Amino acid sequence: MKGQLPQARATGQFPTNDTDLHVCLISEEAGLDLRTSELAPAPPKPVPAYPDAKALFHVGAYYGSVLASVGTFTLEDMDSDQGSQSSGRSWRIRGMATATEFRRLGFASAVLDHGLREIRQRGGLLVWCNGRTTASSFYRYHKFEQMGGERQLPDLQPHFRFRRVIEQSRHP
């Protein structure tokens with residue numbers, strides 16, 4: 001798909017209309033190739049990547065029939081959530097990846113927004129992640145709070161921990 005994107009990329013109007021972007025729940029297998037290629041040098045996780053997750057779902061954003069961005073959301077408390085109000089209702093973003101040619105075009109935002117709506121519907125109170133340092137502006141833009149300094153773990157890219165409280169809709 002490289003080199004085949006429409007001229008809209010240069011004008012900053014991408015996707016050009018609602019039919020260019022389709023966001024939905026997907027299978028883990030559907031996002032595996034994209035995750036493996038875009039999250040390198042992190043070692044790929046075999047399917048199922050999170051077999052101990054209490055609950056999880058996967059979201060994909062498509063440009064036509066091309067999977068442009070993916071994210072996995074797992075029901076998982078942050079270490080500091082033990083005994084807090086959000087304990088048992090915290091979700092973690094895992095394996096967020098966007099194909100290089102679709103970065104900074106709204107596809108990752110669409111995946112995140114869809115995931116946040118799904119978490120809200122499932123009664124989630126908090127969402128958190130270990131976001132790569134290179135993605136920190138993305139999470140800040142989406143109202144995530146940075147928790148502490150940069151973290152360095154063996155075999156992983158430098159990252160920060162981020163979190164965001166989920167606003168619950170109020171119905172009379």
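Guide: The lining of the largest pocket divides into 22 nonpolar, 12 polar and nine charged residues. The model is a predicted one, and in it this pocket has a volume of about 1300 Å³. Among the 43 lining residues, Leu39, Met96, Ala97, Arg132 and Ala135 are the closest to the pocket centre. Two or more lining residues are given by each of helix H2 (28-38), strand S4 (90-98), helix H3 (107-121), strand S5 (126-132) and helix H4 (136-141). Of these, S4 supplies the largest share, seven residues.

Arg94 counts as buried because its relative accessibility is 16%, under the 20% limit. Glu76, at 26% relative accessibility, counts as partly exposed. Together with Arg92, Glu76 and Arg94 are linked in a network of salt bridges.

Helix H3 is likewise joined to a distant part of the chain. Arg120 in this helix and Glu167 in the segment after strand S7 (159-165) are 47 residues apart, and their side chains meet in a salt bridge of 3.7 Å, N to O. Both partners are partly exposed, Glu167 with a relative accessible area of 43% and Arg120 with 24%. Glu167 also meets the side chain of Arg164 in a salt bridge, at 3.5 Å, N to O. Arg164, at 13% relative accessibility, counts as buried.

The whole structure contains nine aromatic pairs. In one of them, Tyr63 and Phe102 are tilted, 5.8 Å centre to centre and with 50° between the planes. This pair links distant parts of the chain, since Tyr63 belongs to strand S2 (residues 56-63) and Phe102 to the loop between S4 and H3, 39 residues apart. Phe102 pairs with Phe107 as well, in an edge-to-face arrangement at 5.1 Å centre to centre and 75° between the planes. Tyr63 and Phe102 are buried, and Phe107 is buried too. Elsewhere, ring pairs link Phe138, Tyr139, Phe144, Phe160 and Phe162 into a cluster. Over the ring of Phe160 sits the charged end of Arg140, 5.9 Å from the ring centre.

Notes: Residues are numbered from 1 along each chain as its sequence is written. This is a predicted model: local features need pLDDT of at least 70, side-chain atom pairs count only at pLDDT 80 or more; totals for chains, interfaces and linings use all residues. Side-chain values use heavy atoms; hydrogens and water are left out. On a 1 Å grid over the protein atoms alone, a cavity is a set of points where a 1.4 Å probe fits but cannot get out, and a pocket is an open set with protein on both sides within 12 Å along at least five of seven lines; lining residues have an atom within 4 Å of a point. Grid points are joined across faces, edges and corners, and a volume is the space filled by probe spheres set on the points. Helices (H or I, at least four residues) and strands (E, at least two) are DSSP runs, numbered from the N terminus. Ala, Val, Leu, Ile, Met, Phe, Trp, Tyr, Cys and Pro count as nonpolar, Asp, Glu, Lys and Arg as charged, and the others, Gly among them, as polar. Rings of Phe, Tyr and Trp (its six-membered ring) pair if their centres lie within 6.5 Å; planes under 30 degrees apart count as stacked, over 60 as edge-to-face and the rest as tilted. Buried means under 20% relative accessible area, exposed over 50%, partly exposed in between (1.4 Å probe, protein chains only). A charge sits over a ring if NZ of Lys or CZ of Arg is within 6 Å of the ring centre and within 35 degrees of the ring normal. A salt bridge is a side-chain nitrogen of Lys or Arg within 4 Å of a carboxyl oxygen of Asp or Glu.
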